[in-house]
Amino acid sequence: MSEFNLIQKYFTRLMRHTDLGVGDDAALVKVADGMQLVVSTDMSVADTHFFHDAVPYDIGWKSLAVNVSDMAAMGAQAKWATLAIALPEVNENWLAEYSRGFFACADVFNIDLIGGDTTRGPLNISVTIMGEVPIGKAIRRSGAQVGDDIWVSGTLGSAALGLACLQNNTLQDKIGIENDALQASIHALCRPMPRANLGLSLRSIATSCIDISDGFLADLGHILKASNCGATIDLDKIPCIDYLKNNLQNSQFQDYLLAGGDDYELCFTAPPSKRDEIKLLSKQQNILLTRIANTRSPVSRMSIGLESGSLEVMYQNKPLSILKQGFDHFA
């Protein structure tokens, strides 16, 4: 199969809000009046971001979903994506399932695939996503104020637990996790559901926001650094599944929750005056939203030092000594 036949067969779909998409040298899109264009790119590399023998549908879903999560963190409406993919060979069964997963995600969030590139090489996937946000309404990391509440959507740590079990076949028996909890954790890893609608609703509520991809501490740390704030977090207040909650005395489980990453939940700050609005939003969207702490002045004793701002984690009224904050490709 030629490169162009491959693109036509697996990656060409009808456009919903695009003037010119796949098939020309470049795509043509029009941003609505009063809106800004929001752009983000994520790369996924085999055996770094996913197992090379993972279910291709899951790879397709996740390669787009993680980008949608970036849009959600900015309060942006995702609309367009480009896909660049390197393939070691043309495996039509793999391509059919990968594209099915990719477009399943695109359909859920109403996104057009408008272009990209294919080439031969080690399996590597790069997605650039574009969306719109009203001018001046994007939620940035730098807007948190001292005294703001810190909130987290959903639960954290499940994806990291699922990954650990997939990496070590004997871990399930060693840690005594029941099969239902294990399968839920693997699903959280392979099929993340970005909080797109929540992100849109937070435009008028949140002072800052980030999606939790590299690890809760690392990503909250980005907000604190950008906003010149600090925070003290009680480990017990971080939302997680019961299995993790019941094992928090174990440092390995603490790492899953604090630094594991791949959660694709939103961490955001908001003034205390917004608590009722956020509780209503939680009910309306059927999303768990948990208030875990408040921002404070960055001057404090700390277990984690940041260039600007500070973050301390407490457990059972004692500060935790944290060695790992999150995932870093070059650490």
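Residues are classed here as nonpolar (Ala, Val, Leu, Ile, Met, Phe, Trp, Tyr, Cys and Pro), charged (Asp, Glu, Lys and Arg) or polar (the others, Gly among them). The model is predicted, so that local features need pLDDT of at least 70 and side-chain atom pairs count only at pLDDT 80 or more, whereas totals for chains, interfaces and linings use all residues. Residues are numbered from 1 along each chain as its sequence is written, and side-chain values use heavy atoms, with hydrogens and water left out.

Pockets were located on a 1 Å grid over the protein atoms alone, as open sets of points where a 1.4 Å probe fits, with protein on both sides within 12 Å along at least five of seven lines; lining residues have an atom within 4 Å of a point. Volume is the space filled by probe spheres set on the points, which are joined across faces, edges and corners.

The second largest pocket has a volume of about 370 Å³. Its lining comprises 21 residues, with I7, V22, G23, G115 and G116 closest to the centre. By class, nine of the lining residues are nonpolar, eight polar and four charged.

The largest pocket has a volume of about 1300 Å³. Of its 49 lining residues, H49, K62, S213, D262 and Y264 lie nearest the centre. The lining has 25 nonpolar, 11 polar and 13 charged residues, and α2 provides the largest share, eight residues.

Terms used. Helices (H or I, at least four residues) and strands (E, at least two) are DSSP runs, numbered from the N terminus.
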